[in-house]
2 protein chains.
Amino acid sequence: MPTTAEIISIGDELLYGQTLDTNSHWISSQLDLIGIKVRRRTTIGDVEEEILSTLREAEQRADIILITGGLGPTNDDLTKPLLAKYFNVGLKRNEEALAEITALFESKGRELSGANKQQADLPENCTKLTNKMGTAPGMWFDERQTIFVSMPGVPYEMKEIMTSQVLPRLKERFFGGIILHHIIRTVGIPESTLAEKLVDWEKNLPPQLKLAYLPSMGQVKLRLTAIGDDQSALQQSIDEQVAQALPLIEKYVYGFGNDELEKVVGDTLLKAGKSIAFAESCTGGYLSHMITSIPGSSAYFKGSIISYDYDVKVNSLDVNKAEMEEKGAVSEEVVLQMARAVREKLHADIGLSISGVAGPGGGTEEKPVGTVWIAYSDKEKTVAKKFNFSKDRILNIKFSALAALNMFRIHFSSN
Amino acid sequence: MPTTAEIISIGDELLYGQTLDTNSHWISSQLDLIGIKVRRRTTIGDVEEEILSTLREAEQRADIILITGGLGPTNDDLTKPLLAKYFNVGLKRNEEALAEITALFESKGRELSGANKQQADLPENCTKLTNKMGTAPGMWFDERQTIFVSMPGVPYEMKEIMTSQVLPRLKERFFGGIILHHIIRTVGIPESTLAEKLVDWEKNLPPQLKLAYLPSMGQVKLRLTAIGDDQSALQQSIDEQVAQALPLIEKYVYGFGNDELEKVVGDTLLKAGKSIAFAESCTGGYLSHMITSIPGSSAYFKGSIISYDYDVKVNSLDVNKAEMEEKGAVSEEVVLQMARAVREKLHADIGLSISGVAGPGGGTEEKPVGTVWIAYSDKEKTVAKKFNFSKDRILNIKFSALAALNMFRIHFSSN
């Protein structure tokens, strides 16, 4: 029997649709990485009988129960007293927890209230989990052959406690062996086409390796997982298989591990000592937002000209007005001029430009909604490509920005 | 007893953390609007015994059970045969459903497969719910005093079925009376401060009105809900209370109903026949992305200059280099120049500019991470304001863009 977990999210704000629960999603993905399968996730409100009955039911099914929410200092927050009730134990002041909470308040120059002090009162049977980011400690219970973990619902507090304390303990307890992951990141190829290219390779994977396709907007991640006892043999097995797979899909691979495309593009520029600038029309700043979401991007990103208006294309990007009137703003001629001009005007080594019909309006028979031209320009060459994306405005914006970064990946050479 | 609902989300991809479940969040918020309380949400995998046991448990607790997922044409999709098994009925070809699926395929010029035809086979005891956006019909079961609804997991298909068919039926069935909502949208004031200003007003609300505070990043929505039998009396009661509340919080109210701030700003510009342009530094295009996420924004948005680099500020926005070197790029002097320049250069009526320290690097003692200057400029005046946001890069970007739109709201006058 594989180890199974359940996740219980507690909070009226989740149940009534005010707050989107991203915690249970993140926890699921982290457990998946250490070979623990989530069997069920339950969201309930701040209601005593619901919390107790959910705990009882989950205990019958799962080896591990992870609980988030309901740990604040106010009376709505029922999780801690109910866990004490559930295990039939009292609450006891945890001096180490009190010292941690006091230190956190002192570092912010704030006074500790009575309610905050009570956050250091924990069920007698729990092991305290340090919360570096907030005042509610996490709790670890090892009772009746089940592990119960209670954590705050604030995402960055929960993630810190999971990463530093819960996941290592769960891995040690439930997973004696070695588990290795290798992620290959691809862009510009649908999942089904990628799977076709890899069908023979996948069939011949050794039994200790498992493959997962993880698709997300315009990208597909391939995750190879190796499970066994011998770390170096597993690593070697992964390396061999990756070496065989890469030539089959090389054109589409932009990186490995956790790095997003915008990070890989940034690192490439940084390493080459080159700079980049964008001329955006239909994406309206989204490409610039992507590249600047990476800390340190000022080292290679010069800036952008967002030319939503025809006049801005002509005045700020020197687009030939007569040609634009003839060919349209969404045309090869115009994006080529935009990419070249933004590179020169902003003194960048590389220019990328985008002009398209994001929709819902503005489409024609010849250029329907989703038609997008993208250009790449450097000192040596300026090239453009036409794309046909979707009918949806926001998707078109996101696909276009991703495709522009992919144009960079394909055409950039550090020479 | 209030009417209670449960939501069951089915799919391995949810449970293993590959796909974020936004469906149950959206359904919760929609049920809340018609006075139906969600009691529990459960996420389970494509596993027969889990699906059947979850249905049995939910039936004991809830009046309404809404199920999403597991309705695709492949063998992993278990929901439909399991519902037939659960109710002990057979599947029967639904000719109307078949006609709808056929028409959908024809409109896309695609051939109907056998698997697709089988999507028209429905449990004998269900009422078909038309799926205008896809091939899997929804199903409505009215059995043993409980309503069961099964819908596809694709968000836009589910939302269409909910909005056009499920919510109206549920409202009719479970809510005989009238329910009215009025939403007041505020920005630039924390929930606790807003609540202080409204404490006396809230105390004196008539019993048929309920107030909810709905906070989200930098904004707080106030929702007044009126429940009763007399539509015009309820409407009058809401109007009276809103008229009393508004003077207390007027400075912070930017709109009503479902319109986001970027939409309200766009509508204001459109109505006044004015145009806008942005000069962005630390927000790196996010403000431009916000305004252009609204369809039709090309009618008032000219474009932006994203001046991440010092040189771009000097060359493209005429910022005085000596002054910038003295005062720093994050300064009142620089944002004033940026706002004025972008307005003039892009031939816009209004210019907004932002320069700040987004972090994590770049902070100093005098200007720590989170320090942001924002300026508004029109023909009559150019004004700037300093903000201190957070330590988090992405939050600083989003707070800054929101604050810039709020600067427009405060300073723009259509005269």
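In the predicted model, helix α2 (residues 23–33) of chain B packs against helix α7 (residues 155–174) of chain B at an angle of about 20°, and the two axes lie 11 Å apart. Because angles under 35 degrees count as roughly parallel, α2(B) is roughly parallel to α7(B). The crossing of α2(B) past α7(B) is right-handed. On the side of α2(B), the contact is formed by B:N23, B:W26, B:I27 and B:Q30, and on the side of α7(B) by B:P155, B:M158, B:K159, B:M162 and B:L167. Sorted by class, this contact of α2(B) with α7(B) comprises 6 nonpolar, 2 polar and 1 charged residues.

Chain A is superposed on chain B by a rotation of 180° with 0.0 Å of shift along its axis, at an RMSD of 0.1 Å. This is the relation of a two-fold axis.

Between the two chains, the contact involves 48 residues from chain A and 48 residues from chain B. On the side of chain A that touches chain B, two or more residues each come from α2 (23–33), β2 (37–44), α12 (286–292), β14 (301–307), α13 (310–317) and α16 (393–411) of chain A. The most is given by β14(A), with 7 residues. This side of chain A consists of 17 nonpolar, 21 polar and 10 charged residues. Of the interface residues of chain A, 98% are also interface residues in chain B, so the copies meet through the same surface.

Strand pairing also links the chains: β2(A) pairs with strand β2 (residues 37–44) of chain B in the antiparallel sense, over 5 bridges. Within β2(B), B:I44 is the bridge partner of A:R40.

How values were computed
Residues are numbered from 1 along each chain as its sequence is written. Chains are lettered from A and ligands numbered from 1 in the order in which they are written. This is a predicted model: local features need pLDDT of at least 70, side-chain atom pairs count only at pLDDT 80 or more; totals for chains, interfaces and linings use all residues. Copies are superposed by least squares on the C-alpha atoms of residues with pLDDT of at least 70 in both. Two residues are in contact if their C-beta atoms, placed from the backbone, lie within 7 Å. Helices (H or I, at least four residues) and strands (E, at least two) are DSSP runs, numbered from the N terminus. Ala, Val, Leu, Ile, Met, Phe, Trp, Tyr, Cys and Pro count as nonpolar, Asp, Glu, Lys and Arg as charged, and the others, Gly among them, as polar. Two strands pair if DSSP finds at least two bridges between them. Axes are lines fitted to C-alpha atoms, for helices over the stretch in contact, and angles run from 0 to 180 degrees between N-to-C directions. Angles under 35 degrees count as roughly parallel, over 145 as roughly antiparallel, 65 to 115 as roughly perpendicular and the rest as oblique. A crossing is left-handed if the near helix is turned anticlockwise from the far one by less than a right angle, and right-handed if clockwise.
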